[in-house]
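Please walk through the structure shown here, taking its charged pairs, its aromatic rings and a few individual residues in turn.

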Amino acid sequence: MVISLAGIPRNLSVLVLFLLPAIGLGLQSTLAAGEADPAASPVVSSADSIEQALLDVKSEDEAVRSKAVALLIEKGDASLVPKLDAIRAEADRAVRIAIKPVIDLLKNRANLTSGQPDTRRSAAADLVGTGRPEAITWLEEAAAKETVWWVRYTMEEAAQLIQLRSQDPAVRLEAVKKLGDHRSQNSLSLLQEFVEAGTQSGATEEQRTLAVAAETAIEQINSWGWWANAIETLFRGISLSSILLIMSLGLAIVFGLMGVINMAHGELMMIGAYATFITQQAFIGWFSPDLFDWYFPVALPVAFLSAALFGWVLEATVIRFLYGRLLETLLATWGVSLILMQAARVYFGDLTAVIAPQALRGGAQVMVGVYLPYNRIFIIILSIICVLGIYFLLFRSNLGIRVRAVTQNRNMSACLGIPTRKVDSYTFAFASGLAGIAGWALTMVGNVDPGLGQNYIVDAFMVVVTGGVGKLAGTIWASLGIGGLNKLIEPVSGAVYGKVFILVGVILFLQWRPQGLFAAKGRSADA
């Protein structure tokens, strides 16, 4: 550095030359002090602090490790999970225990913003188990942005459940009131603990106040739970009624038209179920995975035609020789059912499964505590479509007129030129196809096994007899009654005794009204 002294008086220039070394030393000391000043040093970045926390979390000092865990929870995100997994794989037991909740928290925090509603809801529910107060802020922020109401409900409920563990009595009291307003079934055990603590002899005023609020919340939750359970029971009853209705429609047509007790009707349903399974396997082996879900609609005509073809063969080879002989048809078709079950067991094994298409997985959370599975909703809609289809076929078509004519008076129909033999054959094939559709639908609610049809055949016969032989309206009302009573009685008496009670009820009903709900009309009504 060059300093010019030109223009400075001589006496001043001598003074400046004398002071320059001192000024230089002062500048050096000032610069050195500036470098040593912590305030002048660069600020440690968040990334650096996280990297340091990743090192500290492996420390043997529990205090250092706990501080690192708190920092990772506060400032970390899901990108740290692979690093934490690598550290956990090589660490000792104490470090693994310390890292595990961090990994779970970071994963769930990231899943709160997932594109899948089920993932967001599961993340909110998992955060409750951690009990970490940091999760409250995450849940409240996610709930404020959530558009799906039942996911938002779970997030709000989770935040309140965590706040129940707060040390602040006012926070706990507010959480209790909100959980009561939310009708939260998940909070009942914790609320009951507050009630028990508040009723003890040494309870404080705060505990007693909290106990009163908890009792009110429990009453709200239990009251709503009763209604929710009633709605779900009604839905399950309608769902079972729909299954019985689909199966009973074909049975009612055959019984009413030909006077045949077809004990192999359940096995025709089994054929439809196995046809669906084979179609699924064909899609797995021959088509792209992107087209897999299309197997289910394709399996509908396959199941119908497979069961209808077998029914046509059965009618041509066995049933046609046994018209009007109820006991003989019962024994003959029962033998056919045993042959079919054993053949299915030999070829397919005891248990196979059909994978539901994506659209029928999960369910709809229609209200708090009421969850309706999509597959059951689908079966209810399918039963309505089947009833409408049969109605238009029987009452709005020429084929339906012939079927009803043969049902009412076979001899008169033959005299009028109706080919009763063909009507019998085609009707039996159509009724068998309906059983195949029932099997196609039942693959969505259970496994496919050789005894699939045996689970419903007795109930289906009760529906047909109770409703009235060959009566569509009677079949509908009887299936609703038997299916609904079955699900209503089951929670009280169990599944086995429930069926016994229903059987006894049907017998008593038929003693009072032998012709069923809807009596037959026509010349053959008294025959």
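**Salt bridges, ring pairs and contacts**

E205 and R208 form a salt bridge in which the closest N and O atoms are 3.0 Å apart. The model is a predicted one. Both residues belong to helix α11, which covers residues 205–258, and because they are 3 residues apart there, about one helical turn separates them. E205 is exposed, at 52% relative accessibility, while R208 is partly exposed, with a relative accessible area of 37%. Side chains of opposite charge can pair when their charged atoms come close.

The salt bridges in the model number 4. Another of them joins R236 to E232, with 3.9 Å between the closest N and O atoms. The cut-off for a salt bridge is 4 Å, so a pair at this distance is counted. R236 and E232 also lie in helix α11, 4 residues apart, which again means a separation of about one helical turn. R236 is partly exposed, its relative accessible area being 33%, whereas E232 is buried at 19% relative accessibility. Buried is defined as under 20%, so E232 falls within that class.

The salt bridge between E315 and R421 has an N to O distance of 2.9 Å. Here the partners come from two helices: E315 sits in α13 (residues 295–317) and R421 in α18 (residues 420–442), so the bridge ties together parts of the chain that are 106 residues apart in sequence. E315 is buried, with 0% relative accessibility, and R421 is partly exposed at 32%.

The aromatic rings come next. Over the whole structure, 14 aromatic pairs are found. F277 is buried at 13% relative accessibility, and F348 is partly exposed at 23%.

Y295 and F296 make a further edge-to-face pair, with 6.0 Å centre to centre and 70° between the planes. Y295 is buried, its relative accessible area being 0%, and F296 is buried as well, at 5%. Which residues are linked with these two into a cluster by ring pairs? The cluster consists of F292, Y295, F296, F378 and W440.

V387 is located in helix α15 (residues 374–395) and is buried, with 14% relative accessibility.

S114 is found between α5 (93–111) and α6 (117–130). A polar atom of the S114 side chain lies 3.2 Å from the backbone nitrogen of Q116. Setting aside neighbours within four places in sequence, S114 is in contact with T119 and R120.

Key. Residues are numbered from 1 along each chain as its sequence is written. This is a predicted model: local features need pLDDT of at least 70, side-chain atom pairs count only at pLDDT 80 or more; totals for chains, interfaces and linings use all residues. Side-chain values use heavy atoms; hydrogens and water are left out. A polar contact is a pair of N or O atoms within 3.5 Å; within protein, one must be able to donate a hydrogen and the other to accept it, and residues adjacent in sequence count only if both atoms are side-chain atoms. Contact means heavy atoms within 4.5 Å. Rings of Phe, Tyr and Trp (its six-membered ring) pair if their centres lie within 6.5 Å; planes under 30 degrees apart count as stacked, over 60 as edge-to-face and the rest as tilted. Buried means under 20% relative accessible area, exposed over 50%, partly exposed in between (1.4 Å probe, protein chains only). A salt bridge is a side-chain nitrogen of Lys or Arg within 4 Å of a carboxyl oxygen of Asp or Glu.
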